[in-house]
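This briefing covers how two protein chains meet in one model. Please look over the sequence and the structure before reading the points.

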Amino acid sequence: MAWQWFHRLGSPRWFYEKSNRWLTWLIPLTLVLLATGFIWGLAFAPIDAKQGNSYRIIFIHMPAAVVALAGYYVMAIAGGIGLIWRMKLPLMMMKSAAPVGAVLTALTLITGSLWGHPTWGTFWEWDARNIFMLILLFLYLGIVLLGSVYPSRDAADKACALLALVGTVNVPIIYKSVDWWYSLHQPASIKFTGESSIYSSMLYPLLISVLGYYCLFSLALILYTRHEILVREARTKWVKDLLPLHSKGGRSASL
Amino acid sequence: MHPVRKQRLFIVLAIVALSSLAIGLLVYALSENINLFYPPAKFSANEVPRDVRVRAGGCVEPGSVVRESDSLQVSFWLVDGSGRLKVSYDGILPDLFAEGEAAVVNGAWEHDDVFYADQVLAKHDENYMPPEVAEAMNNGEKHQATCEEAKYGS
């Protein structure tokens, strides 16, 4: 069966056992990348010719924004797979990605506002980029809340997955907002094609920070998903065997 | 693939495509309102309403900033590829405001063709470089070039 590997990916037990091993190298990798990116960027990278030291917030702000956008796709695609194949694990991942993305989006908005005051001359402006980023925060928070209002978990998952899928249109709009409209936010400094307009001694720590944020997102997603697995699969035998002290039924099952 | 799953796949894809289309059209229709500011070309073409609060954005023309000696009053020209706009402002300019840099001003365009701003915001460009590099690249000329290629609304 060609689809067998795919269905195995949907098994919460398989994920729980595998992710245990992933965590042993993902945690140190995340710490090393973030520490390197932050210390290099905040302490050792040269100052900017025009902005001076205030530009350094880019090392915290821009990777958070990038991963908040990428994380939205992770959440929406997980939701879509959950809807189509009715698999448990992707729906758990979708639910787990929402709070992580919300925190990253909030971090982006807060650091952007702190940078905006000295640079633009205002904490907040109703700029296209700012508005759509705020909508992204509301989408993430909406999915977190929507997941908790339904009495039935199945209905909650379906509603969240639909909202996540409909919201995907916001991601390219955020990405292109600075090119499509007259906006206060500067265009992208790092381009997929062509030369980046950020000097290499600033670019390298920035790229390391981006990688660090991706690892941090994966780490948080795995930890949240593991928690969700234990909550949702609490009645299965393997969870009871795993946590015999936490469930009454578990003790009798292991006898 | 199981036919039921295939059907659900198409439904999911249709939801994404149709909602994207709907929201895309909505955003496209609201495009004018999403623009943060009018470029100087629109002022030169007389397409901007007078005496109402609007924002203008463009490049501060090098050599055009005139400061009063006894007050905070300042005036400058905003330019882009095909238009010029005279701006008058009474207040403290943001640190990054400079000739040859982009700026966004908030205020009203009066009948005397002067834009009376009550807020000036500095628009930073996407270039980041250390001071030594900026000097080596001959900053003055580069700013001039930034101004010349300042075309908003691509």
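A polar contact here is a pair of N or O atoms within 3.5 Å; within protein, one of them must be able to donate a hydrogen and the other to accept it. By that rule, 16 residue pairs are in polar contact across the interface of chain B and chain A, with both residues of a pair at pLDDT 80 or more. The model is predicted.

**Side of chain B that touches chain A**
- Four elements of chain B each give two or more residues to this side: α1 (3-29), α2 (31-34), β6 (114-123) and α4 (131-136).
- The most comes from α1(B), which gives 10 residues.
- By residue class, this side of chain B has 24 nonpolar, 10 polar and 9 charged residues.

**Extent of the interface**
- Chain A puts 48 residues into the contact, and chain B puts in 43 residues.
- The size of an interface is often given as the accessible area lost when the parts come together.
- For chain B and chain A, the buried area is about 4000 Å², and 64% of it is on carbon and sulfur atoms.

**Salt bridges**
- The rule finds 2 salt bridges across the interface of chain B and chain A.
- A salt bridge joins A:Glu125 and B:Arg55, with 2.5 Å between the closest N and O atoms.

**Annotated span in chain A**
- An unreviewed UniProt entry places the feature "domain: Cytochrome c assembly protein" at residues 13-184 of chain A.
- Residues 13-184 of chain A are 81% helix and 0% strand.
- The end C-alpha atoms of this span of chain A are 48 Å apart.

Technical notes. Residues are numbered from 1 along each chain as its sequence is written. Chains are lettered from A and ligands numbered from 1 in the order in which they are written. This is a predicted model: local features need pLDDT of at least 70, side-chain atom pairs count only at pLDDT 80 or more; totals for chains, interfaces and linings use all residues. Side-chain values use heavy atoms; hydrogens and water are left out. Contact means heavy atoms within 4.5 Å. Buried area is the accessible area (1.4 Å probe) that two parts lose on being put together, summed over both. A salt bridge is a side-chain nitrogen of Lys or Arg within 4 Å of a carboxyl oxygen of Asp or Glu. A polar contact is a pair of N or O atoms within 3.5 Å; within protein, one must be able to donate a hydrogen and the other to accept it, and residues adjacent in sequence count only if both atoms are side-chain atoms. Ala, Val, Leu, Ile, Met, Phe, Trp, Tyr, Cys and Pro count as nonpolar, Asp, Glu, Lys and Arg as charged, and the others, Gly among them, as polar. UniProt positions are given in the numbering used here, feature names are shortened, and annotations may be inferred rather than shown by experiment.
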